[in-house]
Amino acid sequence: MTGARETQNTMKAVGFTEFGGPEVLRTISLPVPSPGPGQVRVRVAAATVNPTDLAFRSGGHRSMPDGMQPPYVPGMDLAGTVDLAGPGVSGFAPGARVMAAVTPFRPGGGAQAEYVVVAADALALVPETISLTAAATLPMNALTVRAALDELALRPGQTLAITGAAGAVGGYAIQLGRLDGLRIIADASPADKDLVGGLGADIVVPRGPDLADRIREVCPGGVDALLDAALIGPPALPAVRDGGQLMAVRPFAGQPERDITVSLVLVFHHLHDAGTLARLASLASGGTLSLRVADVLPAERAADAHRRFGAGGVRGRLVLEF
Ligand SMILES: NC(=O)c1ccc[n+]([C@@H]2O[C@H](COP(=O)([O-])OP(=O)(O)OC[C@H]3O[C@@H](n4cnc5c(N)ncnc54)[C@H](OP(=O)(O)O)[C@@H]3O)[C@@H](O)[C@H]2O)c1
């Protein structure tokens with residue numbers, strides 16, 4: 001191993017042993033993990049709270065894989081510094097600033113711990129211009145959107161509608177979609193109209209139950225594709241043209257119609273796309289992607305972060321500091 005230094009034996013993490021509300025979250029003590037071949041131990045500075053963490057905590061997401069025992073550690077986004085590189089890893093010197101998206105569905109748990117072992121091919125360097133706090137808001141959601149847009153494979157000039165446009169997925173979808181030359185129709189509440197327009201949406205339509213009608217008013221033939229970050233589901237389908245596409249971010253509870261292709265993007269298939277993450281980081285450094293931090297809380301206040309996020313209305317990401 002390279003870069004070894006004296007490290008404590010135990011570390012702080014956010015964890016829970018039983019599924020439930022935010023109150024099940026505790027600050028727990030765990031052994032500091034060791035990096036294996038091809039892995040890097042990161043001293044985490046910042047880890048974000050995402051919708052998936054709330055589902056993970058409540059047990060509403062999916063069952064835990066065999067061999068995973070409580071306490072469970074949530075978190076899919078982290079930024080920090082390289083602590084120790086495992087055998088066969090080069091290019092990550094101790095102290096280097098890095099970011100990654102990781103899965104919490106593994107025995108070692110997720111991102112919300114002082115030390116996290118990450119596959120080297122999931123790590124990207126954090127550009128100098130970006131703080132670790134801001135960097136932690138990028139990996140999981142930007143990788144998701146890049147994967148969704150790649151799968152949609154729209155041509156420049158085609159129209160993409162985005163629901164939940166004020167959110168993290170929505171915001172990156174607006175900005176990356178624009179970069180791909182797409183015409184963006186995005187939904188927003190009156191309070192979020194300037195935010196969503198400022199992110200670059202060509203047309204902002206009111207969010208709400210008649211969203212598909214509002215989209216058809218501005219795009220009578222229907223959009224080429226719709227990215228459903230607000231989980232509207234089947235009621236969003238009428239906004240899509242015959243033969244168009246709907247990209248879901250959670251399983252779609254309905255039947256496709258009119259030759260519309262319904263797909264589900266899964267970021268779990270893209271956690272090792274370090275090259276893509278590095279390109280996204282570069283876009284953030286250049287200002288093309290906006291990194292939005294709603295607030296920074298100590299890790300000990302993870303339950304508060306879940307309560308605030310679960311109540312809705314948080315714009316930008318809540319970041320836990322370790
Ligand atoms: N499949 C994957 O790999 C993957 C990866 C990343 C994320 N996701 C999923 O993608 C979804 C969005 O994530 P996110 O991080 O963008 O969440 P977020 O930041 O909370 O954004 C969701 C946005 O949708 C808005 N919204 C809620 N209900 C709406 C409605 N009926 N109409 C219009 N807008 C509505 C929310 O507004 P309020 O705050 O006012 O409610 C919020 O602005 C989550 O379900 C997440 O789990 C999936």
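This is a predicted model: local features need pLDDT of at least 70, side-chain atom pairs count only at pLDDT 80 or more; totals for chains, interfaces and linings use all residues.
Local features need pLDDT of at least 70 and side-chain atom pairs pLDDT 80 or more, while totals for chains, interfaces and linings use all residues. Residues are numbered from 1 along each chain as its sequence is written, and side-chain values use heavy atoms, without hydrogens or water.

Helix 1 (residues 51-58) and helix 8 (residues 302-310) have axes that come within 10 Å and cross at roughly 110°. Helix 1 is therefore roughly perpendicular to helix 8 (65 to 115 degrees). Axes are lines fitted to C-alpha atoms, for helices over the stretch in contact, with angles from 0 to 180 degrees between N-to-C directions. Helices (H or I, at least four residues) and strands (E, at least two) are DSSP runs, numbered from the N terminus. In the contact (heavy atoms within 4.5 Å), Pro51, Asp53, Leu54 and Arg57 of helix 1 meet His306, Phe309 and Gly310 of helix 8.

The largest pocket holds about 1,200 Å³ of space. A pocket is an open set of points on a 1 Å grid over the protein atoms alone, where a 1.4 Å probe fits, with protein on both sides within 12 Å along at least five of seven lines; lining residues have an atom within 4 Å of a point. The volume is the space filled by probe spheres set on the points, which are joined across faces, edges and corners. The lining comprises 46 residues, of which Pro51, Ala229, Leu231, Val249 and Arg250 are closest to the centre. Helix 1 and helix 8 are among the elements that give two or more residues to this lining.

The second largest pocket has a volume of about 240 Å³. Of its 17 lining residues, Met11, Pro33, Pro107, Gly108 and Gly109 lie closest to the centre.

Definitions and conventions
Angles under 35 degrees count as roughly parallel, over 145 as roughly antiparallel, 65 to 115 as roughly perpendicular and the rest as oblique.
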